[in-house]
Amino acid sequence: MSMLQAVEVPRSLAASYARNFGEEGMAWIAGLPALAAESLERWELERDGAAGAGEASLVLPVLRKDGTRAVLKLQMPREESRAALIGLRTWDGAGVVRLLDHDPESSTMLLERLDGARTLASIEDDDMAMGILAGIQARLVRVPAPPGLRSLGEIATEMLERVPRAVTALADPADRQRLRGWASAVAELVGEPGDRLLHWDLHYDNVLAAEREPWLAIDPEPLSGDPGFDLWPALDSRWEDVVAKGDTPRVVRRRFDLLTAVLGLDRARATGWTLGRLLQNELWDIEGGATAPAPSSVALAESLLNR
């Protein structure tokens, strides 16, 4: 009983689950203290600090029986959490946080502990930060995607099917034309979707300082596809700072050139798949009620297209 009392669910996490997953999410949150207690007992873990939470997970700093520092990550079983397990097992710590143990049924993970207080966003020199991220990304996409993951071909096909309806939700004819243009870029590439293991959310805040290596990626949402589809989170990193510098196109192009050079990508294909990623984001936004594309998406697309 003492362990059950020791695990409190942060209000922010409970609110996120209620907002994003409704009754199913609230039911999972209700069972979270018991699941945490069961996981602590199963792996003989000792709490070692305050709980943390993201949009979808509870993270508990722990000590293993041998004194090794680790974190226990608990999240509702979904396609994304199952994909994360597949990706982490496949990468096996190469450029990414190491999976020490896991429970496939509950999607609970025991991970090596990194420095959660120090992300790549702490590096002021953007070229240096982007160079580190690009080096990690190059290692990750070097790996062929294993079976069991969603493919970019499937995702892109679904996106193209949703475009005609989405276009009607945009108020400005110029925005409608812009969305059609992004869809055209995807239509040209959909037949060659790629087969690399993609992180899908690699931005500055998802790269943490570590002991085993200077920097390691966290929180992958893996899928199988072309690395060009994986560039947008890096290009969008610390976006407020990019805008504040007053020369958005220059910063975006510099980042894009650095990423494509380190990853060895064809720039035209990488541009097309980046437009595909912007298309995906806008389709989600439109389904959420948006009637115009995000200014950051427009600025990023124009920076890549008008060079």
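This is a predicted model: local features need pLDDT of at least 70, side-chain atom pairs count only at pLDDT 80 or more; totals for chains, interfaces and linings use all residues.
Let's work through some exercises.

**Exercise 1.** Work out the span that helix α10 should have, and compare it with the distance between its end C-alpha atoms.

*Solution.* Start with the residues: α10 runs over residues 267–287, which makes 21 residues. Next, take 1.5 Å times one less than the number of residues.

**Exercise 2.** Find which residue caps the N-terminal end of α10, and which residue with a positive phi follows the helix.

*Solution.* Begin at the N-terminal end: the cap is D266, with a side-chain oxygen 3.2 Å from the backbone nitrogen of A268. Then go past the other end: α10 is followed by G289, whose phi is positive, near 115°.

**Exercise 3.** Decide whether W200 is buried or partly exposed, and do likewise for D219.

*Solution.* First locate W200: it sits in the loop between β8 (196–198) and β9 (207–209). Its phi is positive, about 80°, although W200 is not a glycine. Buried means under 20% relative accessible area. W200 has 14% relative accessibility, so it counts as buried.

Now turn to D219, in the loop between β10 (215–217) and β11 (223–225). D219 is another residue other than glycine with a positive phi, near 50°. The relative accessible area of D219 is 33%, so D219 is partly exposed.

Technical notes: Residues are numbered from 1 along each chain as its sequence is written. Side-chain values use heavy atoms; hydrogens and water are left out. Helices (H or I, at least four residues) and strands (E, at least two) are DSSP runs, numbered from the N terminus. A polar contact is a pair of N or O atoms within 3.5 Å; within protein, one must be able to donate a hydrogen and the other to accept it, and residues adjacent in sequence count only if both atoms are side-chain atoms. Buried means under 20% relative accessible area, exposed over 50%, partly exposed in between (1.4 Å probe, protein chains only).
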